[in-house]
Amino acid sequence: MKLSRLCRAVLLWAVFGLSDIASGVHATEQWDYLITGGMVFDGTGGPGVPASVGVDDGQIVYVGPADAAHSADTVVDARGLVVAPGFIDPHTHALALSGDDGPVPLTGYLTQGVTTVFSGNDGGGPVDIGGTLAKLEARGLGANMALYIGHGNVRRKVMGMTARAPSAEELGAMEVLVSKAMLGGAFGLSTGLFYAPGSFAETDEVIALARIAAKHGGIYDSHIRDESNYGIGLVAAVDEVIEIGRRTDIPVHISHIKALGVDVWGLSAEVIAHVDKARAEGVEITADQYPWRASGTGIGASLVPRWAMAGGREAMITRFDAPETAMRIRTEMRENMRRRGGPASLLLTGGSEDWQGMTLDDYATSRGEDPIETALHIVREGDASVASFNMNEDDIEAFMKQPWVMTGSDGSGGHPRLFASFPRKYQKYVIEEGVLTLAEFIQKSTSLAADALGLEGRGQLKPGYHADIVVFDPETYAPRATFTEPTLLSNGVRYLFVGGAPAIWGGEVTGASHGKALRRQAGEGQQGD
């Protein structure tokens with residue numbers, strides 16, 4: 001009975017459109033939930049309209065005018081609220097932050113209105129995708145999670161931390177691992193070409209592995225080789241992504257697009273021009289962006305040159321003081337620190353309590369030493385996460401306005417973006433600055449991500465789609481997390497449905513595990529639950 005009702009709703013949507021669907025629903029039908037009285041944004045970028053949304057058996061069965069004939073077991077009064085598809089975060093570190101056992105609640109994402117997260121970005125996705133997804137299912141997820149196979153981990157498994165091109169045998173072994181991961185449900189291949197060991201790979205190596213992901217219907221997601229002028233430069237790094245897309249015919253995606261550091265401020269216009277040209281030529285290319293001036297990484301990753309990391313941590317530490325490398329390392333670290341704005345722009349957010357909450361400049365002063373020596377001390381002690389204030393508002397806004405740039409968090413420990421990226425974008429760039437309209441913000445947080453990343457049946461409020469729905473108060477939806485208190489939960493989400501079940505009810509997190517471990521069906525461009 002439920003299946004026939006859903007099929008009828010989908011058919012009516014396709015034939016008659018939103019305004020006429022009500023005529024296809026009988027008064028005798030009883031749904032699980034009916035959301036009434038809200039301003040409904042369907043996720044496609046169109047304006048909000050007063051409408052009702054019906055949910056039954058985990059799916060959306062109705063979107064249309066309110067009608068007294070509609071009934072449900074539970075009615076949600078959404079008067080004065082915004083109703084939209086659940087937000088999709090294309091770049092998180094949720095898997096790495098989830099521990100090894102027990103449920104994965106993802107509360108910090110739920111309170112932003114996020115119902116689906118991607119993880120395994122930056123080349124860090126697990127090699128055993130199938131096993132990881134199965135374990136996540138058994139543990140229980142607060143939101144849906146999709147995974148990438150990580151180039152960095154594949155390369156590390158086959159080649160360790162060696163800084164050279166792979167042999168034919170080694171490349172073949174990496175191709176096998178990527179193929180197995182795609183068959184296990186990975187949504188694509190991620191790379192972190194800025195980080196070791198991904199930084200040791202030449203473009204042809206990446207292309208060979210991207211071809212495997214493309215063969216299975218996946219996408220290519222990249223933390224590009226250079227977001228500044230560390231090496232090949234920002235524009236050349238974007239061109240590398242475009243080349244990979246062109247030569248493999250795979251959809252490509254730039255993670256957390258930015259112009260990092262004063263030396264490249266203003267290059268957003270050139271990057272945008274290159275991407276627009278590639279898109280006009282048929283390359284499928286998109287990007288995500290977090291709405292913060294500060295990036296988040298580690299002291300080692302931000303300052304230590306990549307050549308010094310070859311061979312792994314022990315070899316790197318030895319090079320710090322070896323006569324033949326010590327001076328070169330310090331010279332290059334000083335230049336890397338300069339391009340990021342100096343030691344006062346680096347806020348230490350993780351690691352030892354000796355330095356947490358201090359800038360690198362302040363901590364160096366407390367130790368009575370040069371900031372570079374202090375940075376080396378921190379790396380020797382196990383490293384520290386850092387918020388690096390290195391971006392320019394003009395570039396942030398220029399990227400944000402592009403129709404191919406979606407919302408993302410790159411959520412990581414010690415940075416408020418983990419708990420507040422979506423509401424911050426709404427508050428700062430919709431309400432305060434007017435960079436985006438509300439409809440644009442929602443589209444960039446929903447259907448744009450779903451369409452680009454291959455999430456079938458998500459990202460829109462449409463009959464037949466999964467009932468991932470956020471209902472938020474436009475007056476109170478706002479971030480609370482800051483750089484000094486980065487784990488405060490956001491305000492304003494009144495109701496949140498994940499797969500048709502409440503994850504937030506009346507503003508309170510339910511604690512239920514309704515999320516799915518999403519699997520892309522290899523070769524078909526679709527995913528199942």
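Predicted model: local features only at pLDDT ≥ 70, side-chain atom pairs only at ≥ 80, totals over all residues.
I started with the strand order. The sheet is open and has six strands, running β9-β10-β11-β12-β13-β17, with parallel pairing. I then asked which strands stand at the edges. They are β9 (149-150) and β17 (405-407); each has a single partner strand, so one side of each is left without a neighbour in the sheet. Strand β11, residues 219-223, pairs with β12, residues 252-254, in the parallel sense over three bridges. Within that pair I found D221 opposite H253 of β12.

I looked up which residues of α4 (151-159) are buried, and got H151, G152, V154, R155 and M159. They sit on the same side of α4, because the arc they cover around the axis is only 165 degrees. What do the buried residues of α4 pack against? I noted β9, α5 (168-183), β10 (188-192) and α6 (203-215). After α4 comes G160, and its phi is positive, near 65 degrees.

I went to the loop between α11 (326-339) and β15 (346-348), where S345 has its place. Is S345 buried or exposed? Its relative accessibility is 10%, so S345 counts as buried, the cut-off being under 20%. I checked its side chain too: the S345 side chain reaches the backbone oxygen of G342 at 2.7 Å. Leaving out residues up to four places away in sequence, S345 touches R340, A387, S388 and F389.

Methods:
Residues numbered from 1 in each chain as written. Heavy atoms only, no water. Pairing = 2+ DSSP bridges. Helix = DSSP H or I, 4+ residues; strand = E, 2+ residues; numbered from the N terminus. Buried < 20%, exposed > 50% of the residue type's maximum accessible area, 1.4 Å probe, protein only. Arc of directions from axis to C-beta. Contact = heavy atoms within 4.5 Å. Polar contact = N/O pair within 3.5 Å; in protein donor to acceptor, adjacent residues only side chain to side chain.
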